[in-house]
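The sequence and the structure are shown first.

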Amino acid sequence: MTDYDERFGQALHLALGDGPSPTTVAAQRRRLLASLERTEPRLRGELTPLRIAALALAAGLALALVLGLRGSLRRGEMYATWSGRSVQGPSAFEAAAAHPESVDFSEGSQLLLEPDTRARLLELSATKAALVLEDGHILASIRKHTGVTWTIAAGPYNVRVVGTRFTLDWDREKRALRVAVREGRVRVSGGDLAGDGLVLDAGSLFERQHGSIAVSLPQAATVPGETSPMPAPAAPRPAASNSASGTGANAPAVATPTAAPEPGWEALASQRKYREALASAEKAGFDKLVDELSEDGLLLLANTARYSGNTGRARQAQLKLRERFAGRRSAALAAFYLAREALDVEPHGAAAVRWFETFLEESPRGDLAALARANLMSILLGRGENAKARKMAADYLRYHPDGAQAKEARSVLESPASAR
Amino acid sequence: MLETGTLRKVVVSGPWVGRGRDSRADGEQNDAALVELLQRDGVRGAAQIYDRFATTVNRLVWHLLGADADHDDLVQQVFCKVLLHATKLRDPSRLAAWVQTTAVNTVYEELRRRQVRRLFLREQTLVRFHPDVTHDVEVRDCLRRTSALIERLSAKDRIVFVLHFVEGRALEEVAVLCGYSLRTAKRRLASANRCFRKLVALAPMLAVRREEP
C-alpha cells in the first residue's frame with residue numbers, strides 16, 4: 001500500500017506541478033507590498049512595538065477585508081482566460097496556424113481568434129478593456145450592460161464596441177480593415193475616417209483599404225444627429241483595384257481580374273488576399289475543388305470563403321468537409337463554424353443548437369469546447385429549454401470549472417427558474 | 001500542535017533546519033540579516049523576505065491545498081503573519097524553518113475552517129482550481145478525483161500525507177514542520193495511510209489505476 005501511496009503522491013505532484021506561474025507570484029508580490037505601503041506609510045522607519053501593533057491592526061483589517069469581501073472584490077475584478085491561463089494585465093495573444101483559439105473574459109465576453117491571428121491586450125479593468133488586433137481575424141461577442149468600455153484598435157482604426165457580436169479583420173500588410181456587425185452597434189474611427197468616424201448597426205459591413213479603394217458599406221448607419229456616414233478619404237485614391245459592392249451585407253467585393261498571370265487561389269489565400277483567392281477558386285471551379293481538395297486544402301478554401309464574407313460558399317465547403325472527412329478534426333471545426341453561422345442567421349435557432357451539439361460530440365475536450373458550451377447554454381436558455389441548459393451548465397462546470405462562464409453556469413444550476 | 005488560531009513559536013532542530021530547500025549555504029546568516037532589515041526598514045525587509053521565501057511558501061501551500069482557487073489569499077495570509085511576527089523570533093537564524101511551519105499552520109487553519117463550514121453549515125464546496133492549473137482536461141479530471149479523495153482525510157492526516165508523499169519530505173522533517181514528535185508523526189502517517197486505503201477501496205477509478213503496472 002505504501003508503494004501505492006508513493007506512486008499516488010508522485011502522480012499528484014506531477015499533475016499539480018511546483019506552484020503557480022511566475023506571473024502569479026509576481027502579482028502576489030505586488031499585492032503584498034502595495035497593501036503594506038497602503039496600510040502603513042511610515043513603515044519605512046524602524047519597527048517599534050507601536051508600529052508593529054499598528055501594522056498588526058492594519059494587516060488584520062486588510063486580512064478581514066480580503067476574507068470578508070473576497071466575493072465582492074472578485075466581482076469587481078476583470079480577467080481573461082487564454083489557453084487556460086488567467087490574464088489580468090497587458091498580454092499578447094497569438095492563435096496557432098492550425099486552429100482558432102478563444103479569449104474568454106470574466107464578464108462574459110468572448111473573442112475567437114482565427115488561425116494565425118495576433119492580438120494584444122493593452123488594458124483590462126472593471127470599466128475598460130482595450131485590445132489591439134495586430135493582424136488577422138477576430139469573431140467578437142461582447143456582453144451588453146456590464147459597464148465595460150471595449151475598444152479594439154486595428155492599425156490606424158479604432159473600433160469602439162457597445163454590447164454586440166461582430167467580426168473584425170485587419171490585414172497588416174495590405175492595411176485593410178473589415179468590420180461586419182451581426183448584432184448591436186459599433187463605432188469605427190481613426191485612420192482616414194473624419195471626425196468621430198462611423199457608426200455601424202447590425203447587418204452593416206464596412207471595408208476599408210488604406211490607400212486604395214476597397215470600400216463597401218451596404219447598411220452603414222449613423223447615430224441620430226450625425227451626418228456624413230461615409231467621410232471622404234483623406235488621400236486621393238488610385239484607380240480601383242477592387243470593386244465596391246453595395247448589394248447586401250454579405251455580398252463581398254470581388255477582385256477585378258488583371259491581365260497579368262494570376263497566382264493560384266491557395267497562394268492568394270496564404271497571402272491573406274481572400275477575396276482574390278475566392279475569385280480565383282471560382283474561376284478554377286469551386287464545385288470541383290470542394291470535391292477534390294485534400295482535407296487541409298478544403299479547410300483553407302472554407303476559411304477563405306468565410307473571411308471573404310461569402311457565407312454560401314463557406315457553408316458549401318464546410319458541409320463538404322463534414323461529408324468527405326467525417327471524424328477528423330477539420331470536420332468538427334466545420335461543425336463549430338456552421339453553428340456560429342447559424343447563430344448569425346437566427347440567434348436562438350435550432351440549427352445553431354444542432355451544430356454546437358454535433359461539435360461537442362466530436363470534440364468534447366477541444367480548445368473551443370468551452371466556447372461552444374457557453375454558447376449552447378445561452379441559446380438553450382433563450383429557447384426556454386431549461387433542462388437542457390442545466391445539463392449544459394453542469395457539463396461546463398465539469399469540463400471548465402475555472403472557465404470564464406463558470407459563474408454563469410453555477411447561477412443557471414442554482415436558479416429556481418431554470419429548474420422548472 | 002497545529003491548533004486553530006495560534007501561531008506557534010517552534011523550537012526547530014534537525015539536519016535540514018535552516019537550510020530550506022531553496023536556501024543558500026549561508027542561509028542562516030542571511031535569515032538573521034533579513035530579520036534585522038525588517039526591523040530597520042519594514043518595506044524593504046518585507047520585499048526581501050518575500051523574494052527569499054516566495055518559492056518555498058507557494059510550493060508548500062500549492063501542494064497542501066491542492067492548487068486551490070484561494071491559493072493566493074492563503075499565501076498572502078502566510079506572509080502577513082511572517083512579517084508581523086518575524087521580529088519576535090527568539091532565534092532569527094531559524095527564520096526559514098519558521099516560515100515553513102507558519103505556512104503549514106495557515107493551511108491547517110484553512111482546512112479546519114472548511115471542515116467546520118461543511119459540518120455545521122452544510123456548505124458544499126465545489127473543488128475550484130487556481131487558474132494556473134494546467135488546461136489539460138484529463139489532468140484536471142485526475143486532479144479533481146484525487147482532490148476529492150484527499151479532501152476526505154482529516155486536516156492533520158492530510159497535511160502529514162501530502163508533506164510525506166507529495167512533497168517527498170522525510171518523516172523527521174514532517175514532524176518538525178507540524179510540531180510533532182517523530183513518534184506522533186509516524187502514528188499520524190499510519191492513520192492517514194489507513195484512511196487513504198479505505199477511501200481508495202471506495203473509489204473505483206483509482207482502484208483500477210492501482211492495478212496498473
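## Chain A

In chain A, residues 24 or more positions apart account for 49% of the contacts with a separation of 6 or more. The model described here is predicted. Chain A contains 15 helices and 12 strands.

Of the 420 residues of chain A, 49% count as buried.

## Chain B

Chain B is built from nine helices and has zero strands. Read from the N terminus, its elements follow the order α-α-α-α-α-α-α-α-α. Among contacts in chain B between residues at least 6 apart in sequence, 71% join residues at least 24 apart.

Of the 213 residues of chain B, 56% count as buried. The accessible surface of chain B is about 9400 Å², with 52% belonging to carbon and sulfur atoms.

Most residues other than glycine have a negative phi. Ala67(B), which is not a glycine, has a positive phi near 50 degrees. Where in chain B does Ala67(B) lie? Its place is in the loop between α2 (42–65) and α3 (71–85) of chain B. Is Ala67(B) buried or exposed? Ala67(B) counts as buried because its relative accessibility is 0%, and the cut-off for a buried residue is under 20%.

Helix α3(B) has 15 residues. From its first C-alpha to its last, α3(B) reaches 21 Å, close to the 21 Å expected at 1.5 Å a residue. This helix is also mostly covered, with 13 of the 15 residues of α3(B) buried.

## The second largest cavity

The structure holds five cavities of 30 Å³ or more. About 70 Å³ of space lies in the second largest cavity. Which elements give two or more residues to the lining of the second largest cavity? They are β7 (128–142), β9 (157–171) and α10 (329–345) of chain A.

The residues that line the second largest cavity are Leu139(A), Ala140(A), Ser141(A), Arg165(A), Phe166(A), Thr167(A), Arg182(A), Arg340(A) and Asp344(A). By class, this lining has three nonpolar, two polar and four charged residues. The charged residues of the lining include Arg165(A) and Asp344(A), while Leu139(A) is one of the nonpolar residues there.

Notes: Residues are numbered from 1 along each chain as its sequence is written. Chains are lettered from A and ligands numbered from 1 in the order in which they are written. This is a predicted model: local features need pLDDT of at least 70, side-chain atom pairs count only at pLDDT 80 or more; totals for chains, interfaces and linings use all residues. Side-chain values use heavy atoms; hydrogens and water are left out. Helices (H or I, at least four residues) and strands (E, at least two) are DSSP runs, numbered from the N terminus. Buried means under 20% relative accessible area, exposed over 50%, partly exposed in between (1.4 Å probe, protein chains only). Contact means heavy atoms within 4.5 Å. Accessible areas come from the Shrake-Rupley method with a 1.4 Å probe; for residues, only the protein chains shown count as cover. The expected span of a helix is 1.5 Å times one less than its number of residues. On a 1 Å grid over the protein atoms alone, a cavity is a set of points where a 1.4 Å probe fits but cannot get out, and a pocket is an open set with protein on both sides within 12 Å along at least five of seven lines; lining residues have an atom within 4 Å of a point. Grid points are joined across faces, edges and corners, and a volume is the space filled by probe spheres set on the points.
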